[in-house]
Amino acid sequence: MTYIPRPLDTSQVALNDDILRLTELLACHIHDVWAKGRMAEGWRYGLERSDAEKHHPDLVPYDELPESEKEYDRSTALQTIKAILALGYRITK
């Protein structure tokens, strides 16, 4: 069996400034959840990633991440928000 990804079409979903600010908050949360999970598995900060020693350079606060890593978390948050809106849900404060 061949897996064919079929994500929702979110190309028409428009996001206002409040939702874009929410995206950044969620990106930080996503990073914190990831980091907490790794630390619970015995991972700790290291200048270079080492699976054998469980060292990872991204085990730092979100604000200290390289921009490329922040973009990964932002993309995850953004696509989740867009999917929620594409499915007809509303996000209100």
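Patches here are made of residues with over 30% relative accessible area and no salt bridge, with like charges joined within 9 Å and nonpolar side chains (Val, Leu, Ile, Met, Phe, Trp, Tyr) within 5 Å. Accessible areas come from the Shrake-Rupley method with a 1.4 Å probe, and for residues only the protein chains shown count as cover.

Before you click, note that this is a predicted model, in which local features need pLDDT of at least 70, side-chain atom pairs count only at pLDDT 80 or more, and totals for chains, interfaces and linings use all residues. Residues are numbered from 1 along each chain as its sequence is written, and side-chain values use heavy atoms, leaving out hydrogens and water.

**Stop 1: the nonpolar patch**

Select Leu8, Ile84, Leu87, Tyr89 and Ile91: together they make a nonpolar surface patch of about 460 Å². Now pick out leucine 87, in the segment after α2 (67-86); helices (H or I, at least four residues) and strands (E, at least two) are DSSP runs, numbered from the N terminus. Leucine 87 has a relative accessible area of 54%, so it counts as exposed (over 50%; buried is under 20%, and partly exposed is in between, with a 1.4 Å probe and protein chains only).

**Stop 2: helix α1**

Next, select residues 17-40, the 24 residues of helix α1. At 1.5 Å a residue this helix should span 34 Å, and its end C-alpha atoms are 35 Å apart, which agrees; the expected span is 1.5 Å times one less than the number of residues.

At the start of α1, look for asparagine 16: one of its side-chain oxygens reaches to within 3.1 Å of the backbone nitrogen of aspartate 18. Just after α1, glycine 42 takes a positive phi of about 95°.

Now colour Ile19, Thr23, Ala27, His31 and Ala35, which are buried in α1. An α-helix has 3.6 residues a turn, so residues three or four places apart point the same way. The buried residues of α1 pack against α2.

Zoom in on threonine 23, buried with a relative accessible area of 6%. Leaving aside residues up to four places away in sequence, threonine 23 touches Arg74, Ala77, Leu78 and Ile81, where contact means heavy atoms within 4.5 Å.

**Stop 3: the salt bridges**

The structure holds 6 salt bridges, each a side-chain nitrogen of Lys or Arg within 4 Å of a carboxyl oxygen of Asp or Glu. Select arginine 74 and glutamate 24, whose side chains meet in one of them (2.6 Å, N to O). This pair links distant parts of the chain, with arginine 74 in helix α2 and glutamate 24 in helix α1, 50 residues apart. Arginine 74 counts as buried at 16% relative accessibility, whereas glutamate 24 is partly exposed at 28%.

Arginine 74 also meets glutamate 67 in a salt bridge (2.5 Å, N to O).

**Stop 4: the loop around serine 50**

Finally, move to the loop between β1 (44-45) and β2 (55-56), where you will find serine 50. Is serine 50 buried or exposed? At 19% relative accessibility, it counts as buried. A polar atom of its side chain lies 3.1 Å from the backbone nitrogen of glutamate 53. Serine 50 also touches Trp43 and His55, not counting residues up to four places away in sequence.

Arginine 49 is exposed, with a relative accessible area of 52%.

Technical notes:
Polar contact = N/O pair within 3.5 Å; in protein donor to acceptor, adjacent residues only side chain to side chain.
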